[in-house]
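Open the model in your viewer and keep the selection panel at hand. This tour goes stop by stop, saying what to select and what to look for.

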Amino acid sequence: MTRRRRMLVLGICCMSLFVVGIDVTAVNLALPSISTDLHASFSQLQWVLDAYTLVLASLLMLSGSVADRIGRRKVFQVGLVLFGGGSLLCSLSVSAPMLIGARGLQAVGGSMLNPVAMSIITNTFTEARERAQAIGVWGGTVGLSMALGPVVGGGLVDAVGWKAIFWINVPIVAAAAVLAARYVPESRAATARRLDPVGQLLVIGLLASLTYGIIEGRGLGWTSGRVLLCAAVAVGCAVAIGVVEPRRAQPLIELGFFRSVPFTGAVVCAVVGFASLGGFLFVNTLYLQQARGMSPVHAGLMTLPMAGMIALCAPVSGRLVGRIGPRVSMIVAGVGFTTSALILTTLRTDTSLVELGVAYVGFGIGFGFLNAPITNAAVSGMPREQSGVAAAIASTSRQVGSALGVAVFGALASARLTGPLRISLATASHAGWWVMAGCGVALFAMAFVTTSERARRSAYEPAAA
């Protein structure tokens, strides 16, 4: 293909990532309006976010395998159609359960966009230097979508209403689908991995039961039969994964990868880091609008320091990891998370905007430095033909962390509410911020654990095995 055609393919792929990225952060800004219009409970607001992330986490690896087998362009187009259709259903929702179901459909489409688009890019840009530049543009799109998401979402909610957040997706994904049909070349893997339906069902059972038990535990009672059943199902699925997956020739989850300390560390860091992000966005949005009485657009502007620091720090972290390794980036990430969390543990309804801004900047720095070392550690030492599977597990861990963050932070806050959100949310959120501080400390510790001499030697054990 000509360079112009390759850049057009990159633009189409980035378009899909951009609309998904904006949707994720913008929906957080719409939660108070959704609560008012659809009479959604606190736990239903958690499900509006987690229905998306759980389905996405469950299907990421499956979508990548199916795309390698039947064609990446074909799956990419199906994902665009499903994401657009789910967005349309979200905008037509008249009840919280209908919105939650539509978010699940959105996620089915979303699972076919991110990993498949990355595969299309790596197969389109075959020259190493050009491929690195294309992946850099791809990564920058993530930061830009996160930076614009709160502002765009807040502006749409303020001017039109929360449904406009979903309307805007439809024409964009429709245009991307048409352009993909015309300009994106079809490609398949020379040897596609086998599908693993048993492993897929076990992963879905584990994530769904665990998240349901955490979110609904307070309302149903932590010792209720339904919550205990969820706990039993989660444990049973986890044990079954450990027994069944090693026996399969091409398992959904390569448990042998966890012999590598850097890989295991990458999974742990992805879960705790993105749990902090998911919980932060969920609780902070409700705090700014419900407790502080800010408009959606004002609340979106308040989070700009965080998004801006993510956009600025992510490429810096990438260069640091490439030059001197992941340790410094992970240390900065841990310090950023912990500093932000400690500031927020004193959160009050009348906390000064300057103090909030400092906390948001700290969080943005921490999160901005996190992604590059996670990706680097996930594929470090892995055989080339399995690096994609390792990266997919790390990506799934990010979504699992985000879902658990919304569930855990929300459960901790709701358990401590003593009145309306306007009065008690600030104090009720303190337990979640202490959890985030613990996540920051864990990231700081993992910076040394995953970069020790023993860890570097263990990175090559999966390849040797």
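Keep in mind that the model is predicted.

**Stop 1: H1 against H8**

Select helix H1, residues 3-38, together with helix H8, residues 169-183. Their axes lie 10 Å apart, at an angle of about 155°. Angles over 145 degrees count as roughly antiparallel, so H1 is roughly antiparallel to H8. The crossing of this pair, H1 and H8, is left-handed.

Now show side chains. On H1, pick Arg 5, Leu 8, Val 9, Ile 12, Met 15, Val 19 and Asp 23. Facing them on H8 are Asn 169, Ile 172, Val 173, Ala 176, Leu 179, Ala 180, Arg 182 and Tyr 183. Colour the contact of H1 with H8 by class: 11 residues are nonpolar, 1 is polar and 3 are charged.

**Stop 2: H1 against H4**

What is the handedness of the crossing of H1 and H4, left or right? H1 passes H4 in a right-handed crossing.

From H1, select Asp 23, Val 27, Ile 34 and Leu 38.

**Stop 3: the nonpolar cores**

In soluble globular proteins, nonpolar side chains tend to be buried together. Which residues have the most contacts inside the largest nonpolar core? Select Phe 280, Phe 282 and Met 436; the core itself has 95 residues. Helix H11, residues 261-291, supplies the largest share of this core, 16 residues.

Centre on Phe 280. Beyond its neighbours within four places in sequence, Phe 280 is in contact with Thr 285, Met 306, Leu 344, Tyr 360, Phe 363, Phe 409, Trp 433 and Met 436. Then move to a second, separate core of 31 residues, which includes Leu 10, Phe 76, Leu 80 and Ile 121.

**Stop 4: Cys 313**

Select helix H13, residues 304-324, and find Cys 313 in it. Is Cys 313 buried or exposed? Its relative accessibility is 7%, so Cys 313 counts as buried. Leaving aside neighbours within four places in sequence, Cys 313 is in contact with Ile 365, Gly 368 and Phe 369. Finish with a distance: the C-alpha atoms of Cys 313 and Ala 134 are separated by 18 Å, with the two residues 179 apart along the chain.

Methods: Residues numbered from 1 in each chain as written. Predicted model: local features only at pLDDT ≥ 70, side-chain atom pairs only at ≥ 80, totals over all residues. Heavy atoms only, no water. Helix = DSSP H or I, 4+ residues; strand = E, 2+ residues; numbered from the N terminus. Buried < 20%, exposed > 50% of the residue type's maximum accessible area, 1.4 Å probe, protein only. Contact = heavy atoms within 4.5 Å. Core = buried A, V, L, I, M, F, W, Y, C linked by side-chain atoms within 4.5 Å. Axes fitted to C-alpha atoms, helices over the stretch in contact; angles between N-to-C directions. Parallel < 35°, antiparallel > 145°, perpendicular 65-115°, else oblique. Left-handed = near helix turned anticlockwise from the far one by under 90°. Nonpolar A, V, L, I, M, F, W, Y, C, P; charged D, E, K, R; others polar.
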